[in-house]
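Subject: Handover of a structure and its findings

Dear colleague,

Please find the structure below, followed by an account of what was found in it. I would be grateful if you could read the two side by side.

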Amino acid sequence: MARAKRFLRVAKIMVIVVLVIVLALFLFFSVSTRVTDNLDTYVYELPYQKGSKYKVVQGYGGLFSHRHIAAIDFRMPTGTPVHAAREGVVYAYKDNSDEGGPLGKYKNKANYIMIKHSDGSFGCYWHLQKNGVLVKSGAVSKGQQIGLSGATGFVLRPHLHFSVKRKLNYEMNSFVRTKFNTSEGVVIIKKGKSYERPMD
Ligand SMILES: [Zn+2]
């Protein structure tokens, strides 16, 4: 009898612990932090091939790594072609890293390309694969392939991180929210949904 009681008590505690963990995970992946009110008037192209579709696994203000940051993570396998969302000039890049993972030590290990737009803002394409920057200087046109996605830097799994910034720091209002041209029209992208880049 005493043993059965003890078992019940342990079982109850286990259920509570599991519930708390599930709730914490739910909050962690669903709640988002406040981001900038800045909204770009420009309509961006999705940063991948025409006709392809990828899911947004972390959106604006996501708790995992977008706290107060207006950035979007598209889940895509390493080696997926990355295309310019807007025309501009290559401002900076890095593509010599092959390190990445969900640890702080990987924070500065991301490969990336930054494209400066005509209004002075920067398109930022992060976590590219090693040697995954295909245009290293000069002008790029909207929709042109510029790289290959990967999982370098601070990542849980392979994805493309995209953001537009007016200043190159991580302050909330240095970022700009953007509209995208999708097969469902011009939208502000939301987490958990997949978006197809229209053929034309
Ligand atoms: Zn991200």
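**Surface patches**

On the surface, Ile13, Val17, Ile21, Leu25, Phe29 and Leu156 form a nonpolar patch whose accessible area is about 550 Å² together. Patches are made of residues with over 30% relative accessible area and no salt bridge, nonpolar side chains (Val, Leu, Ile, Met, Phe, Trp, Tyr) being joined within 5 Å and like charges within 9 Å. Accessible areas come from the Shrake-Rupley method with a 1.4 Å probe, and for residues only the protein chains shown count as cover.

This is a predicted model, in which local features need pLDDT of at least 70 and side-chain atom pairs count only at pLDDT 80 or more, while totals for chains, interfaces and linings use all residues. Residues are numbered from 1 along each chain as its sequence is written, and side-chain values use heavy atoms, with hydrogens and water left out.

Valine 17, one of the residues of the nonpolar patch, lies in helix H1 (residues 2-30). Helices (H or I, at least four residues) and strands (E, at least two) are DSSP runs, numbered from the N terminus. Valine 17 counts as partly exposed because its relative accessibility is 41%; buried means under 20% relative accessible area, exposed over 50%, and partly exposed in between (1.4 Å probe, protein chains only).

A patch of positive charge also lies on the surface, where Lys55, Arg75, Arg157 and Lys191 gather. Here Lys and Arg count as positive and Asp and Glu as negative, with His and the chain ends not counted; the place of a charge is taken as NZ of Lys, CZ of Arg, CG of Asp or CD of Glu. Lysine 191 sits in the loop between strand S14 (185-187) and strand S15 (194-196) and is partly exposed, at a relative accessible area of 40%.

**The chain and strand S8**

The chain has 1 helix and 15 strands, and its C-alpha trace spans about 80 × 35 × 35 Å along its principal axes. Of its 200 residues, 44% are buried.

Strand S8 (residues 122-128) is largely enclosed by the rest of the structure, because 7 of its 7 residues are buried. It pairs with strand S7 (residues 111-116) in the antiparallel sense over 6 bridges; two strands pair if DSSP finds at least two bridges between them. Within this pair, methionine 114 stands opposite cysteine 124 in S8. The hairpin of S7 and S8 has 5 residues between the strands, and glycine 120 takes a positive phi near 90 degrees there. S8 also runs antiparallel to strand S12 (residues 159-165), joined to it by 5 bridges, with tyrosine 125 opposite phenylalanine 162 in S12.

**Salt bridges**

A salt bridge is a side-chain nitrogen of Lys or Arg within 4 Å of a carboxyl oxygen of Asp or Glu, and by this rule the count comes to 7. In one of them, aspartate 200 meets lysine 50, with the closest N and O atoms 3.2 Å apart. This pair links distant parts of the chain, 150 residues apart: aspartate 200 is in the segment after S15, and lysine 50 in the loop between strand S1 (39-45) and strand S2 (53-58). Aspartate 200 is exposed, at 88% relative accessible area, whereas lysine 50 is partly exposed at 42%.

Glutamate 184 and lysine 193 also form a salt bridge (3.0 Å, N to O).

Yours sincerely
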